[in-house]
Amino acid sequence: MKKGACRVIVLNYNGRDLLAECLPSIVEAAKAAKHPTGVTVLDNRSKDDSETLVREKFPTVAWVESPANRVYFSFNACVAALEEEFVILLNNDIRVEPGFVDPLLEALERHEDAFFAAPRSLDWNGAYEGSLSKMEFRRGLLWGSSRFPGHESKIRREGITMQCGFGAFRRERFTELGGYDDLYFPGTMEDSDLCFRGWRRGWKGYYCPESVVHHIGQATFKKAFGASGIRRMNRRNLYLFVWKNIRDPLCLAAHALWIPVHLVKYAVKGETDFLGGFFDACGLFGRAMDRRRATRGPRVLTDRRIFETSRSI
């Protein structure tokens, strides 16, 4: 293992224009980092000229082509093949500020119990978007948010965070957990699932406001699935998350009691995306149970303890 070294992996699919806009900032940040930091574009079988752009304009950036377009889950094999101690996982719609790398890696080095470190995420215009996140169990489902009451006074303070959609990870812990679970394919909730499994091991997440990124947000997903498709997929995956991960008897009882309430509400309010998402999840119930049984490793924190930790943020 290359101690202290880092590899930034930028996931790409038909994102030539996004790479042209965002990749220069990532390359410059990697050069400016105190830690030895390389950059890789992981391509999900793009049909545009992304490869030509990267090879011609960014000669220091490695180009890796995924065997198939597995969306976020393509990260798993790429990360497993690396030797660096740390990885930073990004989408192609993220522009970073010059000092973005070191605060993340320093947090991982400073805290032996750290699994991931999340940057302060701003939108393209500089308004706060997220990364200081809570993760709780409400109305029978997982609830996560970076815009919880009182978050405004905390977004410039270091501390713990429950989730990391993009940021830095200890590579060995990422691979030990198996990376992102493709139960959620093609996406949404895979990051929450990974972070939750880390927290269950007693591995914490840290929020690093000195590390700053600018994020367009689901640029590729919106093109592929539209807002309605993303809502349906996310609702499906919320149910799959509970069936796969939650062990606490009171949480499971609440989940069972809330299901009919949710279904009636979806029907009455005409929320067909949510209703469809539930039935999509039912079709994957068996797979979720298989993943539940296959989950290995020590459970240092209970579900309830994880959610109590979240409330302390």
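Predicted model: local features only at pLDDT ≥ 70, side-chain atom pairs only at ≥ 80, totals over all residues.
Sorted by class, the lining of the second largest pocket contains ten charged residues, four polar residues and four nonpolar residues.

Asp 193 and Arg 197 are separated by about one helical turn, because they stand four residues apart in helix H6. Both partners, Asp 193 and Arg 197, are buried. The pair belongs to a network of salt bridges that links Arg 70, Asp 181, Asp 182, Asp 193, Arg 197, Lys 244, Arg 287 and Arg 291.

Across the whole structure, a search finds 25 salt bridges. Another of them joins the side chains of Glu 28 and Lys 31, with an N to O distance of 3.7 Å. These two residues lie three positions apart in helix H1 (residues 16-32), so about one helical turn separates Glu 28 from Lys 31. Are the two partners buried or exposed? Glu 28 has a relative accessibility of 46% and therefore counts as partly exposed, whereas Lys 31, at 58%, counts as exposed.

A further salt bridge connects Arg 231 with Asp 273, whose closest N and O atoms are 2.9 Å apart. Arg 231 is partly exposed, its relative accessible area being 41%. Asp 273, by contrast, has a relative accessibility of 15% and so counts as buried, since the term buried applies under 20%.

Two individual residues complete the account. Ser 50 is located in helix H2 (residues 50-57). With a relative accessibility of 0%, Ser 50 counts as buried. Which residues surround Ser 50, leaving aside its neighbours within four places in sequence? Ser 50 is in contact with Asn 12, Asn 14, Gly 15, Arg 16, Leu 19, Asp 43 and Trp 63. With Asn 12 there is also a polar contact, made between the side chain of Ser 50 and the side chain of Asn 12 at 3.2 Å.

His 35 is found in a loop, the one between H1 and strand S2 (37-43). Its relative accessibility is 10%, and His 35 therefore counts as buried. Leaving aside neighbours within four places in sequence, the residues in contact with His 35 are Gly 4, Asp 102, Leu 105, Glu 106 and Glu 109. The side chain of Asp 102 makes a polar contact with the side chain of His 35, at 2.7 Å. Where does His 35 stand in relation to His 214? The two histidines are 179 residues apart in sequence, and their C-alpha atoms are 22 Å apart in space.

Definitions and conventions: Residues numbered from 1 in each chain as written. Heavy atoms only, no water. Nonpolar A, V, L, I, M, F, W, Y, C, P; charged D, E, K, R; others polar. Salt bridge = Lys/Arg side-chain N within 4 Å of Asp/Glu carboxyl O. Buried < 20%, exposed > 50% of the residue type's maximum accessible area, 1.4 Å probe, protein only. Polar contact = N/O pair within 3.5 Å; in protein donor to acceptor, adjacent residues only side chain to side chain. Contact = heavy atoms within 4.5 Å.
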